[in-house]
Amino acid sequence: GLLVLGLLLNGLALWVLCCRLQQWTETRIYMANLALADLCLLCALPFFLYSLRGTGDTPLCQLSQGTYLANRYMSISLVTAIAVDRYVAVRHPLQARRLRSPRQAAAVCLALWALVLGSLTLRWFLERQEGGFCFTSPSRKNSHTPAFSLVGFYLPLAVLGFCSLQVVATLARR
């Protein structure tokens with residue numbers, strides 16, 4: 001049920017964002033990329049769940065669990081980019097006209113996709129002797145997980161917290 005509902009709603013969101021709206025805005029670009037990342041995860045979800053039942057390091061396990069990780073880090077990165085975009089718009093409105101544009105938002109999204117996929121490729125190479133992305137691999141030691149968690153979760157969390165607090169403080173003063 002969740003899979004079908006997720007596919008329908010994310011597909012609908014992507015269709016509306018890409019085909020039905022007239023003007024591309026920064027927010028629309030970020031939201032379309034977020035819907036795309038979620039669709040990728042939803043398409044891989046059945047294979048991900050199936051691979052959790054296994055005990056070995058299979059290509060299906062690597063691909064589905066790698067897709068899961070890509071969605072997780074991409075979603076975090078896009079929400080952080082939206083927070084930074086809002087921070088610039090609210091805290092620095094005069095510079096925002098120069099710093100914010102749909103083209104720059106698209107460049108940010110492209111850079112985030114490259115960064116996330118590149119870092120996951122690096123992580124896979126570093127961890128392939130330990131089972132790669134397969135959470136169920138018997139040889140999995142998670143030796144690089146803390147470094148990737150720091151850069152992929154805690155650093156964006158700090159940026160998101162800072163930007164959100166600054167936006168709230170600025171709006172409260174107005």
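From the N terminus on, the elements of the protein run α-α-α-α-α-α, which amounts to 6 helices and 0 strands, where helices (H or I, at least four residues) and strands (E, at least two) are DSSP runs, numbered from the N terminus. This is a predicted model, in which local features need pLDDT of at least 70 and side-chain atom pairs count only at pLDDT 80 or more, whereas totals for chains, interfaces and linings use all residues. Residues are numbered from 1 along each chain as its sequence is written, and side-chain values use heavy atoms, with hydrogens and water left out.

Of the 174 residues in the protein, 37% are buried, a term that means under 20% relative accessible area, with exposed meaning over 50% and partly exposed lying in between (1.4 Å probe, protein chains only). The accessible surface of the protein comes to about 10,500 Å², and carbon and sulfur atoms hold 70% of that surface; such areas come from the Shrake-Rupley method with a 1.4 Å probe, and for residues only the protein chains shown count as cover. Among the contacts in the protein with a separation of 6 or more, 68% join residues 24 or more positions apart, a contact being heavy atoms within 4.5 Å.

Helix H1 (residues 2-20) packs on H2 at an angle of about 150 degrees, with the two axes 9 Å apart; axes here are lines fitted to C-alpha atoms, for helices over the stretch in contact, and angles run from 0 to 180 degrees between N-to-C directions. That angle makes H1 roughly antiparallel to H2, since angles over 145 degrees count as roughly antiparallel, those under 35 as roughly parallel, 65 to 115 as roughly perpendicular and the rest as oblique. The contact draws on residues of H1 including Leu 3, Leu 7, Asn 10 and Leu 14, and on residues of H2 including Ala 35, Asp 38, Leu 39 and Leu 42. By class, the residues of the contact of H1 with H2 divide into 15 nonpolar, 3 polar and 2 charged, where Ala, Val, Leu, Ile, Met, Phe, Trp, Tyr, Cys and Pro count as nonpolar, Asp, Glu, Lys and Arg as charged, and the others, Gly among them, as polar.

Asn 10 is found in helix H1, and at 16% relative accessibility this residue counts as buried. Not counting residues up to four places away in sequence, Asn 10 touches Ala 35, Asp 38, Leu 39 and Leu 42. Leu 21 lies in the loop between H1 and H2 and, at 42% relative accessibility, counts as partly exposed. With neighbours within four places in sequence left aside, Leu 21 is in contact with Val 16 and Arg 28.

Helix H2 (residues 26-53) also packs with helix H5 (residues 102-127), at an angle of about 25 degrees and with their axes 8 Å apart, and H2 and H5 are therefore roughly parallel to each other. In this contact, Glu 26, Ile 29, Tyr 30, Asn 33, Leu 36 and Ala 37 in H2 meet Pro 102, Ala 105, Ala 106, Val 108, Cys 109 and Trp 113 in H5, a set that divides into 10 nonpolar, 1 polar and 1 charged.

Ser 77 is found in helix H3 (residues 59-91) and is buried, with a relative accessible area of 16%. Beyond its neighbours within four places in sequence, Ser 77 is in contact with Leu 112 and Val 116.
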